[in-house]
Structures are given as C-alpha cells and as structure tokens.
There are 2 protein chains.
Amino acid sequence: MPLDAVGVAMLGAGNVGAGVIAALRAGHERYAVHIGRPLLLRRVLVRDTARARDGVEASVLTSHFEDILADPAIEVVIELMGGEHPAREYIEAVLASGRHVVTANKEVMAKHGAALLAVAAAHNVRLLYEAAVGGGIPIISPLSRDLLANDVTAVTAIINGTTNYMLTGMSQTGTDYAVALAEAQRLGYAEPDPTADVEGTDASYKLAILCGLAFHVAISPDDVAKQGITRLAARDFKYADALGYTIKLLATGRLVDGGVVASVQPTLIAKDEPLAKVDGVLNAIQIEGDLVGRVQFQGRGAGPAPTASAVLADVLDVARDIVAGRRPAEAVEHRKLPIHPPGMHRSRYYMRVTVQDQPGVLAAIAGILGGQAISIASVLQVETDDDARTAELVITTHHATGAARDAALAEIRALDVVVEVGNVLAMAG
Amino acid sequence: MPLDAVGVAMLGAGNVGAGVIAALRAGHERYAVHIGRPLLLRRVLVRDTARARDGVEASVLTSHFEDILADPAIEVVIELMGGEHPAREYIEAVLASGRHVVTANKEVMAKHGAALLAVAAAHNVRLLYEAAVGGGIPIISPLSRDLLANDVTAVTAIINGTTNYMLTGMSQTGTDYAVALAEAQRLGYAEPDPTADVEGTDASYKLAILCGLAFHVAISPDDVAKQGITRLAARDFKYADALGYTIKLLATGRLVDGGVVASVQPTLIAKDEPLAKVDGVLNAIQIEGDLVGRVQFQGRGAGPAPTASAVLADVLDVARDIVAGRRPAEAVEHRKLPIHPPGMHRSRYYMRVTVQDQPGVLAAIAGILGGQAISIASVLQVETDDDARTAELVITTHHATGAARDAALAEIRALDVVVEVGNVLAMAG
C-alpha cells in the first residue's frame, strides 16, 4: 500500500457494489490524478467471506463490521447494503467514528437523513448520497449547490425505472398491467415481489429526499401521498391517448400556500411535455425555480454502472477534500413548513366510470360533481357493452381538491346507475 | 453594514447584472440563512455612474475599477461585462488580489480559462463560471464534480438559444433563414448583428469550455470546427423531415482515437433522439460517460434570471466556503491530447445537389463518392424543375471523413451535369 492512499471501505457487495469495485479498478489511475492520491479499498463487508468477489482479494473481505471501525487508515466508508437496518446503525457508527460516509441508500436517507446529517456535522465529516436518487443522474448535488439561489417551487419527477418501463410498454403496446409486470420481471427490471416499485414506496423515498433539498424542509416518506399503478388498465392508456396524454408514475412536490404537497401517483401528462417523452427505464427530474424556470435532468436511474458513477463522484469529492484539508461546509438549514394532507392537494382529474346505458346518468354524475364545485372539462362516452347494457364514461375535470374528489366519488359510487368507478387519476398541469 | 457581511462587487450592470441585483435583493434573507452571513453588494462598476440602477444606491456605483481593488471588505467579485477585454485583465487582477471571482464570461473562459484558473490556484482563491454555459442549467459543476468518476467520451449540446429558436421556427413553419432571423431579431432573441450566434462562434466558446472539463484537456475555441446556419434553406428541413430527421445546430465534442474532435455545425438528428425534441430557446447538454451512459441537462440557456441563478449559485458556494474557512480544492489536472483537424472528423452526411435532369448523373456522382470510399445510404430525387430541366438530389451517406467528403465534393462540383452543391450537412449517429 502506498503510504498516502485514501483508505476506503465498502459495506455490502451486491450488484451495485460489484459495479463500484469494477469502476474503482478501471478508473484507478485517473482517480489518483484527480484526487492527488490513490484510493485504496481496504475492507469490504459481506455476509459470506468464503465467496470470492471479482477484483477483491480475499483478505479484504470481512463479515465483521467492527473490522472497519478498527482500521484507522479507513477514511471513507461506502454503504451499499440497502434497506433500513442495519444500514442506518452502521452509517451512524461510521460518522460518529469521524469517517466520511457515501451511501446509495434512499430508504435510510429518506427516513433518517436529517438525523444522520446532524451526526455528520457534529463529527465534522460528510455524509453524501448522490446515488440515492436517480442513479447516475446528478440531482442531489445540483439541488444542494447549483440551484441554491432559487426559491424552488416544484419538483416533478419520474424516479422509478421499473414502473416507467412497465407504463411505457403499456402505452406503446396496449398491454395490461399483469402482462407488463411479467415482462419487466422476465427482464430483471422488476423484483419477484414488485410491491415497493408498483405501489410507489421506492419513489416516495426518493421524493422525500428531493423535497427536503428543494424546499429546505424535513419531510418523511410517510408525508408523501401514494397511489400505485396496479389498477391501471390498457384502456386507461387508450383513453388518455385519445385525450392527448400519456400516463406516468409522477413524483411531485410543490410549495402551495406556505406548505408542501407531495405525492407519487399515476398521472396523465400531456404528450408534448418533456416528461411525457421520458420512456423505458430512463428517469428524469424537473425542478422549477423562481430564477431558473424549469430545468430537467435525465438519464439512466438505476443499474450498477450509473449508480457507481454517482457513488464514486461522492467518493472523489470527499477524497479531494481530505487531500486539500477542506472541512465540511455547514449544512443548509431546514425550515418548518406544514405538510398538506392529500385531501388538500389540488389537481385536475381523469375519472373512468362504468354506468348503465340509460338516459340521465351523465346528468346525475355531473350534478354530483357540480355539488362539490368540481367543473367538468370533457366527457367521452367511450365504450358500450350492448349485452350488459353498460357504457363507459371518461370524465376529465378542472382543478379540485382531493377531499372534493373523494366526496364526489362516494356519491357517484352510491348511484344506482353506476356499475363501477373504474379508475381515478390525477392530470398534470 | 453588518460587520460580518460577505462583501461582493460586480463588474458590469447590463441586463444580466440587473437580473443578479434583483435576485440578490429578492433572496437576501434566504441567502443569509444559507451562507450564515448576509451578502452585501459594496460596489458596482459601470461606465456611466450618473444613470440610476434599480436597487443600487448611487454611492455603490463607480466607474473606476481601482475602487474595487481598494476595498478590503470585498471578497467576491462578479464579472458580468462580457467580451474579452478588459474583462480578462480585470478578472486576473481581482484573482491576483486574493479575491474570488464568479463570471458568466464564456469568451474569456474559453480563451483564457486555463491561465486564469492557474492564477486563481496560485492565489488560493476560486474562479467559478457556471453561468458561462447553458444559462441556468447546471453543467459546469456537474461536469467538474458529479460526473468526475466517468471517462467521458462525448458531449453533444444545443447551447445557443438564438439559433435553436430560429431552427425550430424553420422546422415547424417552413420559413427560410432570412425570415427566421428577422423574427428572432424582432423578439430580441437575435442581436442586430447576429454573426456570433448564426456562425457558431458563441457555441464554439461554450463547447471549448465543456470539452475542457469533460475530457480534461486544454482546448481553444479555434480548435472547434465551425459551420454556421446561414445557408440552411426551408427545403433542407423538408427533406430532413422526409428522412425522419430534424436539423439542429449541434455542438459536439468526442474522444476519438486518443484525440479530441470538436465541431459546431447544423446537423441532421433523428426525430426520436432526446436532443431533437429540444425546441425554441431551450438549451440541452448531453454527456456520455463510461459509467453513467447518457445523461441530459435541459433548460433555459439565457436570460437575466436563469443566468442570475447560475451566478448566484457560484456566489453562494464561494461565500459558504469563506464562512466555513474552506480552502479551494486543487484543480483537476489537464492532460495533453491531440486535437483532430476537421478533415479527420468522421460523420454521416446529407448532401443536397442540383443537377441537370438527364440520364447518368446519379451514376457519375455515385462513382465519385465510391472513389472516395463513401458509401451511399439513401438517395432521394426530390424536385424537378421542368423549365430549367434540373432536378434536386438528396443523398445521405454512411460514415466518412471530412477530408473524403471535401475531396468528393470538389469532384462533384466539377461535373458538367452538376448545377450546384446546395448544402452539405453532418448527420448525428
């Protein structure tokens, strides 16, 4: 070992870890030039030290977290275990030991980021997490630094590649949800248990992180209103298309009336909007600020190599600080803002309702919407089932609150002539 | 003045300067929270101190550069004069006096960036220039930090809003160059003398800066091969459209055979490419790296408010460093790489040629192209002028060098049956 190497340890060596190890080896000489000293991977924490890992000497592997804290030459620890526990505890212990941490852990940062950043500040070290959102797309650092002069008013993002791949397929090929899921699972884009992706949990973690940085507030993933994509049907895409829209799982955070509105939900978005064109596993994050207007960041949101790009950017940054003897800057302070409950969110809506094919039905539904002060923007009677004597109505509305929408839907469901409320989706804009 | 304010001076107070002053006033309290100390604008260098400026007390105005160097409380100087001289000399003097500089000056940074960054390093201060490329779009900082782990192999960008506005208009409305220029001038998007925009000079400055950061090389704007948009005709857009393309003024830098290829030229780009959808005054920069794949940054590339967003991001960053007592990190070192001359650039090409409408013409042209080892990809005989007995051929080719293209064009021009070589454009991909 060269005496002056920057010692690095890694917690976890799964797919992303293997990507980081490969990138560290491939870029070793360049990184040494950028930093002024080489990086040296001194320890990798794994469950099974008997299993060989490409590019890692067996002596580097350990199954004991304490080995990492015990090595004084380790200055930076990369956390790639994923999941809440024991990652949170390990990160805290590493920070408290006076070492810098680079993590890709969206769940830990969403749930415990503020507390862990305080631990880092207290110990005069850095906690960096560019890889936690958007894979290789630079977004944490741009929000933290490059857009800091702005009063950011909105974050609108496609930040789950699995669901975007599925929704793109449903939109382009007219397949139903189950088919799209099976295809995504076959290709390895979706997990055998896809819940965290398709119910919006993964995106809610990322959105909570983005909102915290964009609005300088503490926001928990529990504050994010979630609607999954599991109820989307092929005909929702067909109707959306006829209206000039496509459907994306949008993660949206906005400053409204001095508070924060945050949601992850399948949303109709006009086809000519930049985010409507973000297809397949791509991610994109759009930030709206008072000075900059709208800026959009786009790229591959997952995968070992893109994630390694973000992880190693953080490692290089902190290593350059170590070499230059730079202390961490103070964290930007959070402010206290109320988080608005979903009932206060305002949106336009798409409503698909199966009704009995008889006179007066539309009048009854329109009356209920009007009673909740919800204006109708368009009505499409799209399909009739002659045998069942039913028809499908697609209604789009102007802006209304979630509470008004829910009250109207309860009344609509109670109508004798309504067979089923098929799907109710938000519309962007 | 609060004793602990961070003293700022500004050189120049034109449109962008007014935008920065307005943003400084509007964001004053937030910025003080972010920095930990307020910013105080102590001096503004202008030509005419008699003319009042919104939001600036008359006593702050000066027409003497020396006043700024003479004020020890000024720690950060924002240069917004534009142009090469005296901006370069002023920046150097400010850096040499031990003060940080934030500049939006693409010309100075493209021509003298390396030398000025060395001056900054020698005096242990920072020279920041996020606003020099892409207006408010974060790109300098992402390239310098967030993508640093990558071996960047290509930069592809739309970085001149004036020409993108004109080309979008020509594409969408079928107007000719002169009409598009007049419209852009009427709206204030194009200068009365549009040369720097329409000939690609402005874009070549920005590309030189981007290539320097992306490839870690010193590259001069003179190393950028330039082709303007002045010869584009409405029918080039019509033919491009028929082929599935649109035309953009693309700034492209690539690592090829251990050297750098850099060009600014109107380029046919397939309609489904993300950059093809960047319309109007928007800018977009696509970076391709070995780890991250392709990431794209998009937004408004000019205007007082977006530029102020970038300028103030740099000011906040350096002010936070001042407050934290952080020293500048070492600059990332440049390497020596050859810059390939335009003749060595390889591209596909679009060629529009007016020929006499008689047998054997295509065979003659195809023979010449074949003789230069240029493969034809498609041929379209698009218009015939029965009176003149001429026809227009649109030929697209596979990849060939600029040298082979030029040699073939010289032979084609010399053919008796060729009336005119109308336009020859690069094709992306």
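The questions below cover the chain pair, a helix crossing and a strand.

This is a predicted model: local features need pLDDT of at least 70, side-chain atom pairs count only at pLDDT 80 or more, and totals for chains, interfaces and linings use all residues. Residues are numbered from 1 along each chain as its sequence is written, while chains are lettered from A and ligands numbered from 1 in the order in which they are written.

Q: How do you know that the copies meet through the same surface?
A: Residues are in contact if their C-beta atoms, placed from the backbone, lie within 7 Å. Chain A gives 48 residues and chain B gives 48 residues. Of the interface residues of chain A, 100% are also interface residues in chain B, so the surface is the same. On the chain A side, α12(A) gives the largest share, 11 residues.

Q: Why are β12(A) and β12(B) called paired?
A: Pairing needs at least two DSSP bridges between two strands. β12(A) and β12(B) have 3 bridges, in the antiparallel sense. In one of them, Q296(A) partners Q298(B).

Q: Why are α2(B) and α12(B) called oblique?
A: Angles under 35 degrees count as roughly parallel, over 145 as roughly antiparallel, 65 to 115 as roughly perpendicular and the rest as oblique. Axes are lines fitted to C-alpha atoms, for helices over the stretch in contact, and angles run from 0 to 180 degrees between N-to-C directions. The two axes come within 9 Å and cross at roughly 45 degrees. The helices are therefore oblique. Y31(B), H34(B) and I35(B) of α2(B) meet L316(B), A319(B), R320(B) and V323(B) of α12(B).

Q: What makes β11(A) largely enclosed by the rest of the structure?
A: A residue is buried if 20 or more other C-beta atoms lie within 10 Å of its own, exposed if 12 or fewer, and partly exposed in between, with C-beta atoms placed from the backbone. In β11(A), 8 of the 8 residues are buried, so the strand is largely enclosed. β11(A) also pairs antiparallel with β7(A) over 6 bridges, and 8 bridges join β11(A) to antiparallel β12(A).

Technical notes
Contact = placed C-beta atoms within 7 Å. Helix = DSSP H or I, 4+ residues; strand = E, 2+ residues; numbered from the N terminus.
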